[in-house]
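Subject: Structure for your attention

Dear colleague,

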Amino acid sequence: MSDFYERVGGEKFFADLSSQFYSHVVMDPILLPMYPDNDLKGAAQRLKMFLEQYWGGPTTYQNSRGHPRLRMRHARFHIDVAARDAWLGAMNKAVQGMDMDEALRVQLWSYLEMAADAMVNQPD
Ligand code: HEM
């Protein structure tokens, strides 16, 4: 994982991925109401910084936001299986749209699926 950040193209890759993801969020009836409507740019920036840090890039996320503790940070949102699937649907379109090595795409996607599963906080 240590060279993943460089291999996908560094900051530009994560900026593009996050902005593509949010271009799908704004079209999604489950997701859009969950996000701060006056700060989608900020949300995209937070996701970008987190993913950069996770994949071996700069630790700007931690420096500005503190320890990720993502499950805790998502506790105030109602995340059921439908919301997880909507999130993954938006993210899948973003990931599929990236020009990248296929082995790295598989690696990225399996992490995102696992992480999204872990964020579910409502029983079905
Ligand atoms: C499973 C469905 C998910 C839903 C419905 C969801 C929803 C949200 C919402 C509504 C926010 C607040 C936006 C903001 O102002 O930052 C947020 C923040 C965030 N989400 Fe998610 N999320 C999900 C999964 C994930 C996953 C899988 C990751 C990471 C791989 C992730 C990473 C983040 C990060 C880094 C933030 C910003 C946290 C902060 O620093 O405050 N989310 N999410």
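Predicted model: local features only at pLDDT ≥ 70, side-chain atom pairs only at ≥ 80, totals over all residues.

Residues are numbered from 1 along each chain as its sequence is written.

Helices here are DSSP runs of H or I with at least four residues, numbered from the N terminus. Helix α2 (residues 11-25) packs against α3 at an angle of about 135°, with their axes 9 Å apart; axes are lines fitted to C-alpha atoms, for helices over the stretch in contact, and angles run from 0 to 180 degrees between N-to-C directions. The two helices α2 and α3 are therefore oblique to each other, given that angles under 35 degrees count as roughly parallel, over 145 as roughly antiparallel, 65 to 115 as roughly perpendicular and the rest as oblique. On the α2 side, E11, F14, A15, L17, S18, S19, F21 and Y22 meet L40, A43, A44, L47, K48, L51 and E52 of α3, where a contact requires C-beta atoms, placed from the backbone, within 7 Å. By class, this contact of α2 with α3 has 10 nonpolar, two polar and three charged residues, with Ala, Val, Leu, Ile, Met, Phe, Trp, Tyr, Cys and Pro counted as nonpolar, Asp, Glu, Lys and Arg as charged, and the others, Gly among them, as polar.

Helix α2 also packs with α6, at an angle of about 135° and with their axes 8 Å apart, so that α2 and α6 are likewise oblique to each other. In this pair, L17, Q20, F21, H24 and V25 of α2 meet A90, M91, K93 and A94 of α6, and the residues of the contact divide into six nonpolar, two polar and one charged.

For α6 and α7, the axes come within 10 Å and cross at roughly 165°, which makes α6 roughly antiparallel to α7. The contact is made by R84, W87, L88, M91 and V95 of α6 together with R105, L108, W109, L112, E113, A116, D117 and M119 of α7, and its residues divide into nine nonpolar, no polar and four charged.

Turning to the ligand, A43, R46, F50, W87 and A115 come nearest of the 21 residues around it, a residue being near if its C-beta atom, placed from the backbone, lies within 6 Å. Helices α3 (40-54), α5 (70-73), α6 (81-96) and α7 each supply at least two residues of this shell, which by class has 15 nonpolar, one polar and five charged residues.

Most residues other than glycine have a negative phi. R69 lies in the loop between α4 (60-65) and α5, and R69 is exposed, with 10 other C-beta atoms within 10 Å; a residue is buried if 20 or more other C-beta atoms lie within 10 Å of its own, exposed if 12 or fewer, and partly exposed in between. G97, in the loop between α6 and α7, is partly exposed, with 14 other C-beta atoms within 10 Å. D124 is found in the segment after α7 (102-119) and is exposed, with 6 other C-beta atoms within 10 Å; leaving aside its neighbours within four places in sequence, D124 is in contact with D80 and V81.

With kind regards

Technical notes: Contact = placed C-beta atoms within 7 Å.
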